Every structure is written in C-alpha cells, then in structure tokens.
Amino acid sequence: MGAPSALPLLMLFACCWAPGEANLSQDDSQPWTSDETVVAGGTVVLKCQVKDHEDSSLQWSNPAQQTLYFGEKRALRDNRIQLVKSTPHELSISISNVALADEGEYTCSIFTMPVRTAKSLITVLGIPQKPIITGYKSSLREKETATLNCQSSGSKPAANLTWQKGEQELHGEPTRIQEDPNGKTFTVSSSVTFQVTREDDGADIICSVSHESLNGADRSTSQRIEVLYKPTAKIRPDPPHPREGQKLLLHCEGRGNPIPQQYEWEKEGSALPLKIIQESALIFPFLNKSDSGTYGCTATSNMGSYKAYYTLNVNDHSPVPSSSSTYHAIIGGIVAFIVFLLLILLIFLGHYLIRHKGTYLTHEAKGSDDAPDADTAIINAEGGQSGGDDKKEYFI
C-alpha cells in the first residue's frame, strides 16, 4: 500500500518542478537593456545583454523595425551606426550624430523558442538656439518705460527664459511655449517691462535660456540701452584752497546724456555774465579780495539746464599747511618735547643735589661741635702732667 501511495506524490512533484525549470530557463534567456537620453548631434550607445543565449544571436532593430545589426553583421547601411561589442551574451552598437528623427523605441531580440525581446527608449534633447532680443529701437528718456521681447527656438523639451539688468534680476512675464512646425521642438518667448533711470544708461539687458541639453553652459544675449537725462554740474576750484595773489580756475564739471555743451558763469550781484572763461572754466589771473562772492555756473544740454554754486572767500590769508610745513611742525613738536624732558631732568637733578649737599653740611657741623678746641686741648695736656692721676678737666 505504501508504494502506490507514493507515486502520486512523485508525479505531483515532477509536474511542479517542470514549470519551475521552464520559467528559470525563460528568465535566463530574456535579454535586458536600458533607456538612454542623448543631446541632438551627440552619440548614444545601445547595449543588450542576455545570460543564456541558447545558441542564438542577439539583434538590434530601429523604431521602424529595420534590423541594424544581427550579431556582428551589419544589416542597415548607415555609417552613423557602428558595432561596439558582439559576444554570445552581449550586443552593443553606437549611433553618432543623433538627430531628432532617431528618437523612439529600439528593440533587442534573441531568436529562441519563443523569440524574446527588450525595449530601449532613446530620448533626443533639442538644443535651444541663442535667444534674440527685440523691442529696443532708440534712446530712452529718463523715467520712460521700456518693453523688450526675447525668443529662442529649437528646444526639446521646452526651455526656460530669464532676464537680468547687469547683475540684477528682472522679473519678466512667464515663458510662453509654442510648438515648432516639425512637431518635435518648441519656441519659447518672454517679455520684460521696466522704468529706466539715469543709472541705466549703458546698462546691458540680458536674456538667458536654460535647458538640460546645455549642461549648465551659458546661452544668452544682451541689449545695451541708452538713457537720455538732464545734466548735473559741480564747481571745482584749482587750486583747492585759493589765496590772494594766486591764479584761480573754477572748473564747471557737467554730467549728463548728452554731455552739456554750453556753460555760462555769473556772479551774484553782477549784472552781466562773466566772459573770462576757458571752455567750462572761469579764470582769475590774479586773485584779490574784490573777487570774493558767490559764483554760479549753468550747464545746458538739449535735455535741460542745471546751475551749480560756489562761494569764494579771498579774505582768509592763512596759508594752507603744506607737506613741508607739516613736516617742520612735527619736528618742532619733537624738539619741544625733548627740551621739556631735559628741563624736568635738570629740576630733579638740582633738587637731588641740594638735598644731599644740605645733609653733608649738617654732618660737618655736628663734627665740629664734638671736637675740643686748641685751648682746651692744651689745658688738658698740662693738667695731665701736673696732676698725674687727677682726671679733672678745666675748660677756658
């Protein structure tokens, strides 16, 4: 009874094992590939691999199902397509100078029973063209509003546009996208509107396109703008600190666009305009006190006029410190400081000497008081001879 009961179990095991072996064989014979992205004009490599080739060759075909390579044999006459590697387990080919038309699904096949295939999707990136700026026609006046347009074609997927004024970002309109006639690439455009100031004169307005095909490379174009604005002026004296008897030039320095071409001088309280001018400078050949006063310079261009003022005072006769006089002042200060130190040293030295000299004289006085005079010494001597052991002393 035991043997017959074991037979169904063996048959069941065989049935379960056989499909498992078939699935394992199918997995090993299934080729695999990967999707690739390439920039138009670049080169892409298609690699197909298989673990168990079952004595069959691998084959690559394009989206139109045209065979490119069967094993190491070329099937399509396209010099852009070259064999990279051909073994029983791998078939790799390269496509150079890739065009947008090359985009699509490529098929790797192995002719086993049944035929097994793997797909590789090639995505071709369209490179955006250098942007073009339009809308600027002529010079702008200060506080006018300018509108510029920027456009770039040929991107895939659609690129993005940004604006700058020098290093400052400008906030333009969102990028508009339009499909190109080829149905594959796109044209993008954007506009920016801003009010110009005199600081914008000579500024570069930059439109940049960003796209993954550029790999971070800069692709931009710029438009330099000119802004017309009213003049300004300031008066610069030469020399800076004029004194009586000197020659003085008052330069009227005008700034603007266009640059002022006409300058007119006047003095407050004077009826007629001053005539002694050289280009934009007012000349005083020999400065005197009567030249003191407030002077005005009017700078004029076709954008308007501007008047600057300067007050001249010739009553101050004190010379402006020069570098040499400053040097002498420093030297004099050092000498005075040294003399001051010497005086202090002499005072302390004199005080020290006087103090110690007084101490010396005091000691001498005490010494003279303690010593006996000559008469006392004689009496003491006579008394010693006559008196023998008598110790009495007599003083005269």
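Colleague: Why is Ser-190 called buried?

Modeller: Its relative accessibility is 1%, and buried means under 20% relative accessible area, with exposed over 50% and partly exposed in between (1.4 Å probe, protein chains only). Ser-190 therefore counts as buried. The model is predicted, so local features need pLDDT of at least 70 and side-chain atom pairs count only at pLDDT 80 or more, while totals for chains, interfaces and linings use all residues. Residues are numbered from 1 along each chain as its sequence is written, and side-chain values use heavy atoms, with hydrogens and water left out.

Colleague: Where does Ser-190 lie?

Modeller: Ser-190 is in strand β16, residues 186-195. Strands (E, at least two residues) and helices (H or I, at least four) are DSSP runs, numbered from the N terminus.

Colleague: Which residues does Ser-190 touch, not counting residues up to four places away in sequence?

Modeller: They are Leu-148, Asn-149, Cys-150, Leu-161, Trp-163, Glu-173 and Arg-176. Contact means heavy atoms within 4.5 Å. For Glu-173, the backbone oxygen lies 3.0 Å from a polar atom of the Ser-190 side chain.

Colleague: What makes Cys-48 and Cys-108 a disulfide?

Modeller: Their sulfur atoms are 1.8 Å apart, and a disulfide is a pair of cysteine sulfur atoms within 2.5 Å. In general, such a bond is a covalent one between the sulfur atoms of two cysteines.

Colleague: Why is the disulfide of Cys-48 and Cys-108 called left-handed?

Modeller: The torsion about its S-S bond is about -80 degrees, so the disulfide is left-handed. Cys-48 lies in strand β2 (residues 44-49) and Cys-108 in strand β8 (residues 104-110), so the pair ties together parts 60 residues apart in sequence. Cys-48, at 0% relative accessibility, counts as buried. Cys-108 is also buried, with a relative accessible area of 0%.

Colleague: How do you know that Cys-150 and Cys-207 are joined?

Modeller: The S to S distance is 1.9 Å, which falls within the limit for a disulfide. The pair links distant parts of the chain, with Cys-150 in strand β12 (residues 145-155) and Cys-207 in strand β17 (residues 204-210), 57 residues apart. Both Cys-150 and Cys-207 are buried.

Colleague: What is the sulfur distance for Cys-252 and Cys-297?

Modeller: The sulfur atoms of Cys-252 and Cys-297 are 2.0 Å apart, and the two form a disulfide. The torsion about that S-S bond is about -95 degrees, so this disulfide is left-handed.

Colleague: How many disulfides does the rule give?

Modeller: Three. With bonded cysteines counted along the chain, the pattern is 1-2, 3-4, 5-6.

Key: A polar contact is a pair of N or O atoms within 3.5 Å; within protein, one must be able to donate a hydrogen and the other to accept it, and residues adjacent in sequence count only if both atoms are side-chain atoms.
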